[in-house]
Structures are given as structure tokens and as C-alpha cells.
Amino acid sequence: MLDVQNLSVDFRVDSGWIRSVSDVSFALPANSTLGIVGESGSGKSVTALSILRLHAARTTRMSGKIMFDGNDLLAMPERRLRDLRGRDIAMIFQDPMHSLNPVLTIGDQIGETLRIHQGLSATEARNRAVELLDMVRIPDAKSRVTEFPHRLSGGMRQRVMIAMAIACRPRLLIADEPTTALDVTVQAQILELLRELRQEIGMSVILISHDLGLVAEFSERVIVMYAGELVEDAPARTVFDTPQHPYSEGLLRAIPSPDEDVSRLYAIPGRIPDPGNRPPGCNFAPRCALAEPACHAAPPPLEAFAPGHFIRCPVRMKTTEPAE
Amino acid sequence: MTKLIAFRIAQAIPVMFVVAVLTFLLMHLLPGDPATIIAGDAADQESIAQIRRDLGLDQPVPVQLWLWITNLAQGDFGRSLMLNQPVAEAVMQRLPVTLSLAFVAFVITIPVGIALGVIAAVWRDTWVDSAVMILALVGVSVPNFWIAILSVILFSVTLGWLPSAGYVPLHDSFSGWLASLLQPAVVLALFQIGYLARMTRSAMLEVLDQDYIRTARAKGVTPMRTILKHAFRNSLMQVVTVSGYILSLLIGGSVVIEQIFAMPGIGRLLVQAIMARDYPVVQGTMLLLGFAFVFINIVIDIVYAWVDPRVRYD
Amino acid sequence: MTDQTAIQSPSTMTTTAPPPMPSRSRVLIRKLWRHRSFRLGAGIVLVIVVLALLAPFITDGSPNKMSLRDRFTPPSAEHPFGTDNFGRDIFTRVLYGARISLWIGFASAMLAAAGGAIVGMASAWFRRLDGIIMRIMDALLAFPAILLAIGINAALGPQVTSVIIALASAYVPRMARIVRAAALVIRELDYVDAARVSGAGATRIIFRHILPNCMAPLLVSVTFVFAYAILAEAALSFLGIGPPPPHPSWGNIIAEGRDYSVEAWWIMLFPGLAISLAALGTNLLGDGLRDVLDPRLKMEQ
């Protein structure tokens, strides 16, 4: 259904163009789940926003193809793409606090999607909004529908965002760090809700997070991104149980487990390189324990480690045999 | 909401008190003896003493302040020397002129300034944006009385389209009223249009950067609707905040403009009073204008609260 | 047009070795220089200032010299801006007027900044005074600056110094608010606490820590007040409560030329252009300063 081919994204800065995402490819069948993991700055959100072309047009340059039902979203006229947005592909964002318009009621904001895409009248849209609020388990939906966003808690706001996103029963939902701004118990509830709605509506979901554990639990397939590149692409279980790229391993070790002392929480040493100042070789080499001289010299390719499992790490390619 | 209004009014009372004290001090603590200044250079001791007695200047300053405040509380703003009538009466007679002028200028400024600002923000970094911003910059850099004179030469003297001076009261003739106000009001508005356009543009740009604008786009909302429904309503709040300030500036600016178009408003009264050293009028006019500005601020705060649901419902 | 610096070719980002980190002030100067409107504004202001300073050398040095034979001469080679009803050369008067108008603008902006710094600092430092001071500032802020200047000037009498004091007082509240806001933020920072613990006196803390940190917003406001003061001075003079008549301030020249504005348009045209150009230049310069020094500062005035 969705097929991203060689997507690269550049942003304009004072001194020229800077490559934020480079040569990313992945595919997503209908009614499936995909997770995208990486630290902030890895390009995962940029990739997600590219699918709906939500970057500021005047400062962004995109290349490659994003095929959706056989049409290239990147080549599509804005007008046609607008029909897809919110109807076939919907998106929810990290910060429910700022993602809702403070001067419009939540009913108005949910109903707007329906009025645009399904031509509902104001009353019809209002009634559907109440149903949708019910669907995302907001208690007392009938009276809540006239509330303004600032009256709701963070978790409730994210539920409203979800209600807005699923209003037209989209076939693809992109959830960009949907739980990061929420506290832990609410996080679990939101993910549970997403899982249930996915079943109910039968849509595909792309879940983006910095938390490998969360992503692996939710999705069937996971891609790991680092410094704008795809570094590992495998079934979720594989990435979680036997990650091959050293960066994926680092992410995995960084997940706090309940029985461990939080103060000894692992963090990958070093920082993600600035987009304008990436190393000549492997992007991860400066932080990598396995790095060899060759890693610093030339950028490594993405190679098939096992059937359906790709990594961008020549060291692992030659030293490790696929487990089976 | 009612609580907010009550709170704002309560907050305004000390400010009005301070305004009253300041206008009193303005005329008393600055160098020179007011009685001598009022009497003029040629006056003898006798008449100076008379003026001093008339104005209560022979009393100690705290007593004078007390009298000033208590008189104010009773609605007594003093008595004009040149007009031989109460200051409040003199001001009230001229108030409609100034308010008409400021009001018409305001009605021109708000839509034009906002429209230009929104247009500039939507087409940012294009020639449209540059043109609007250059226009706005010129608007805030050109002295309005100079433009007024040039405008009179062009529209009144050369083309003869509009009256060059005078004021027609609203109850005499609406079209006459409007014709007499049009030229001064447009000139007066120019400066504020530039200011408002710049404000609106920066408010719009800030709002267009917000996450909820991205949400709207992700829903498939058209750019036009995104701007008008999602962005504009939010930037409107900042625009409301400055609109009170703009109205005050328009009233202040009319002091100068009335002079050029020979309009019998408060500004003209103030300047005449300064020339005639009629300082009860200067004092009283400043005070009443000060009260008016405080009142405008209260109204704006209330409008703001009404526009912003975060304030309205809390 | 003011907030976008020119985009350079992408090739500049592929330079191999980054240049050594330049100092903060040099970075700022370079940024200012690259700012188009700053450059234009600074250029305009510089030209006007130089012309004002060189006035005695460019002209015959007598702005008030009358020549009844030359009354109402239109602009010509001999009198580039024409002459007025007394046969005085407008060009000379405009150049000498620049001295008075720029001086009034400069002095009142500086005085306003100094007054604002003192009041704002006092308000932030002596918390018990804060309420009273800020109420007074609120009361003053309720008045448009031009009215306040008219009122104060009415009391002080028509002189250059009283115009300066009047305009400065009219802008003190705005400046005081800026300084107070900055000082309140900095007051709460750790290093000010540390300075206080280590026994530094209030003066030292103010001059070492607080003042340098309000410099940027203060400087930006000073330029805008300068522009506005030039316009306000002209308005005061025009109303007849500015510097007294023989002084050729820009506002005075326009006021004197007003009665002849139809027949001898040049008398009022050129000083008006001078005011506009000076205000425009300063506003452009201020825009540049704001964009570079203090991008978050809202347009306040």
C-alpha cells in the first residue's frame, strides 16, 4: 500500500541545503504495523512528515518516491494530496498540548475533517464527533464536544487527536511519538487504544518513537534510523531479540527494565552528528565500539543480513552468522 | 468573566488616581511659578496675586492636591481662564470632534492594517511581502502633519475633492460629517496602518509556525481555510491587544491633525490652552484624556478575554 | 524583507575545515553587516549625520541670513532647496535643522534609556517600591507619548532642553518596563545569587550582571525611540511648542512654510523629506538590530 523509495529530504539553512534524511526506503502492506525508532535527530519524524508533505515547502527539498496505492505522493499536485490528507492518511503528533487549536472547540476540530472530506453539515459533523469521542473512550462525550482543548488533560487531548485522525477511517495512520509527552500509565492506555482502533478500523499504523521496546511491542516490523539513514530493517521480534546493528543494540540496552537500578541506566556514549557535519564514513562510527578503520573511511551500504533483515554494518556482516 | 471585569476596574482605580496626581504635579513641581507664567510678562504684582488666589496657589501644595482630588471626585475639573467656562464643559463640547476623527481613523486602520499584515505573512518573502513591509516602514517614518499638508495641497487645493478644513457635526449631515473627516482620518490612519500591518504580520508568522497549523494541514484543510480559520483567529488575540494602543495613539495623533484641518477638537483646545497659558484647561484635558486611555485599556482587556477561550472560561 | 538574509550558494557548506570560533561581538557585527536593511539604514543615518556635522563647510554657515531680494526663490543651482519668505536658504536651514533635530532625537533617546534603566532597575531590585513605581509607569503608559510630551513641554516652556526632557520622560516608562523585565529574570539566576553570596554589592551586581544583559533590548528600543523622537520633535515644533522659531529645526521650517505651502511648496517639502529619511533610516537600522540582537523581542514601539 505504501512504498517509500529512496526518500531524501533537505532543509534550507543560512548557508545552503542540509541533508536531513538520506536514501530511506521501506514498504508497508495494507493492515499492518511498522515502527520507526531512533534518537531525536535521527530523521524519523522528518520521514513521517514527508509522507504527507507537511514540511514548509519553501525551505524543504524532497527526492525519491513515496508510492501510495500506486501514486507518487511527492509528485502529486498539492490539491490532490490534500484530498488524501485526513481521509486516507491521517497523522497524530507528539505534543497534544500544542497540536490542537486553542481557540476552536474540540468538536469543531474533529468535525472539520468530516466536513471537508465527507461534506457533512455542521450538525452531522457534531454528532459524528460525539460518536468519535465515545470511540476514543472520552467519558461524557456529549458535553465534552463543546470544550476547548485547554480544559482537557494531556492524555485526553491525545485521545481527541486520535478521534480527529480516525474520523474518516483512514487506511494509514502515522503516529509520531504519540505518547512521549504523556506519563507512563497514560502512555499504555493510548497505545492500547491505538491497537484496538487498528483492529476495529482495519488500518495500517506507522508508530514512531525513540523507545525501541514500545515500538517492538506494537509493530510487526521495525526500522531503526540513525542520522537520517536507515541502519536496520527487520521483523520486530528480531530487532528486539537479536538486533545486529550496534546502534540498535545500544537502543535496546537503553530501555530501562523494572528490575534494574535506574541510576545505572545505559546511554550510548557521544551524540548524534549534526546534519551539516556528518562524518565521511559510517555515521555511527564515532560512537561505535566495533568501528574499524574502514568504517571511518567510506559510508557502508545497507545489506541483507538474513532474509527480511537488513543492516548497514559491514563489520557485523562479516563477523556474525545469522542465528537460526 | 464578570470577575475579570470587576478585577480590571478595581485595578484601574489606582492607575486613575496616579494619573490625577501626576497631572496635578505636572503643573506644580516643574520650574517656574504658574501664576507668573499665566499672568504673562507684562503683569503687575497685583494681578499675579489675584491669579494665585483664584487658583488656590497660595495654599500649601498638599492642601492644593487634596482640593484637586476632592474636586475631581465631585466632577469639578477646574475653570478655564481664557474661555471662562468649566474645563469639563469645554472638553465635553469638543470631545465629539476628536472622537469622531479617532473613530473614523480606527475604522480605516483596523481592516486595512490587518489585511496588509495577513497578506504579507501569507506571501512571506515574496515581492508582495516586501511591498507591504516597505509601505509599512514608510508609514511609520513619515511625519503625519507633513503628509496632511501635502494631502491638502493635492486633494483640496488642486483637485478640490475634499474640504481642506473644518468639521461638520454628525447630526447636521452624515455625508458632510464623513467628507470633513475623510481626509484627516486617512492621514491619521496611515501611521497606525503601518504599525498594525507589521504587528499582524509577525503575529501571523508566529501562529503559522505552531503545531496546530500542521495538524490542520494534516487534516486536509485548504491553505485559505488554514489561514482564515486556524491561524487568523489566533493571531487576532495579539491584534486585539495592540488595537487599544492604536486607538490611544490615534487620539494622541489627532491633536496634531486637528491643527492642520482646523477642527475644533480637544487637540485644538489643548494647543490653544498651552499658547494662552490656560493651565487649568491643559491640566483638565490631560486628565480626561488619561482617564479615557485607562478606560480604553479596560475595554481592550475585556475584548481580549472574550476572544481567547482560555481566559473566557476560566 | 527584514528577516531574511541572503541565501548563499550551497557550495559554502562543503568547506572542509570549520574556521576558528570567532568572538561573540565579531559574529554579531558580521551578522549585522549581512543584514540588508541594517546596512541601508546605517548608510542613510550616517550620511545625514555627516551632512549635519559638515553643515558649516557645505553651506555659508548662516541658516538665519535673510535676503529680501531672494524671497520665495524656487529650487535652483544657487539654492538647491529654494528660499523661504525671508529669503533664507532652505538647504542651509535643513542642514542646520538636522543638527537640532538629530541632537534632540539622540539626547532624548539616551536620556530615556538612562532614566528607564534607573527606574526599571530600582523597580526590580527594591521589591517594595515595585508596586508603586509600576503603577506610576502604567499611568504614564496610558498616554500616547506625543501627548505626554506635549503636556510636559507645556509646563517646561518652549526650549530645546525642555523638548528633550519632555520626549525622554515620555519614553522612560517603555524603557523601564524592558529593563525591569530583563532584571527580574536575571535576578533569579544562579550566578547573581552566587555573586550576592560572595558579598558583591548591589551596584556591582547591577553593573556586572544585570545591565549587560538588558543591553540588547535596550539598544533596540533606543533606536526606535530615536526615530520616534525625531518625528515627535517635528510635531511639537509644528504645533509651536518646540524649540523657539529662529532655531531651524525641521519641524519649525515646515511650520513656517505651511502658510506658503501652495505657492512655495519647497519650503515645507524638503524638511519633511529630511525627517522621513532620518526616521526611515533609523527604523531600518533598528529592525536590523532587533533581528540580530534580540530575535524574540516583539515589536513594541
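## The hairpin of E9 and E10 in chain A

In the hairpin that E9(A) and E10(A) form, two residues lie between the strands, and Ala227(A) takes a positive phi near 50°. The model is a predicted one, in which local features need pLDDT of at least 70 and side-chain atom pairs count only at pLDDT 80 or more, whereas totals for chains, interfaces and linings use all residues. Residues are numbered from 1 along each chain as its sequence is written, while chains are lettered from A and ligands numbered from 1 in the order in which they are written.

Helices and strands are DSSP runs numbered from the N terminus, with at least four residues (H or I) for a helix and at least two (E) for a strand, and two strands pair if DSSP finds at least two bridges between them. By that criterion, E9(A) and strand E10(A), residues 229-235, pair in the antiparallel sense over six bridges, with Asp233(A) as the bridge partner of Ile223(A). E9(A) also pairs with strand E3(A), residues 33-37, in the parallel sense over four bridges, and there Val37(A) stands opposite Val224(A).

## Burial of E9

A residue is called buried if 20 or more other C-beta atoms lie within 10 Å of its own, exposed if 12 or fewer do, and partly exposed in between, with C-beta atoms placed from the backbone. Six of the six residues of E9(A), residues 221-226, are buried, so this strand is largely enclosed by the rest of the structure. Both faces are covered, with Arg221(A), Ile223(A) and Met225(A) buried on one side and Val222(A), Val224(A) and Tyr226(A) buried on the other.

## The open sheet of chain A

Four strands of chain A form an open sheet in the order E2-E1-E4-E5, with antiparallel pairing. Strands E2(A) (16-28) and E5(A) (71-72) stand at the edges with a single partner strand each, so one side of each is left without a neighbour in the sheet. Two bridges join E4(A), residues 60-68, to E5(A), and Phe68(A) stands opposite Asn71(A).

## The helical chains B and C

Chain B has 13 helices and zero strands, and 47% of its 314 residues count as buried. Its C-alpha atoms fill a box of roughly 85 × 55 × 40 Å, taken along the principal axes. Helix H6(B), residues 127-141, reaches 21 Å from its first C-alpha to its last, close to the 21 Å expected at 1.5 Å a residue, the expected span being 1.5 Å times one less than the number of residues. Among the buried residues of H6(B) are Asp129(B), Val132(B) and Met133(B).

Chain C comes to 11 helices and zero strands, and 50% of its 301 residues count as buried.

## Core and interface

A nonpolar core is a set of buried Ala, Val, Leu, Ile, Met, Phe, Trp, Tyr and Cys residues joined through C-beta atoms within 7 Å. The largest such core has 271 residues, and those with the most contacts inside it are Ala149(C) and Leu167(C). Its largest share, 21 residues, comes from helix H9(C), residues 202-239.

Two residues are in contact if their C-beta atoms, placed from the backbone, lie within 7 Å. On that basis, 40 residues of chain C are in contact with 46 residues of chain B.
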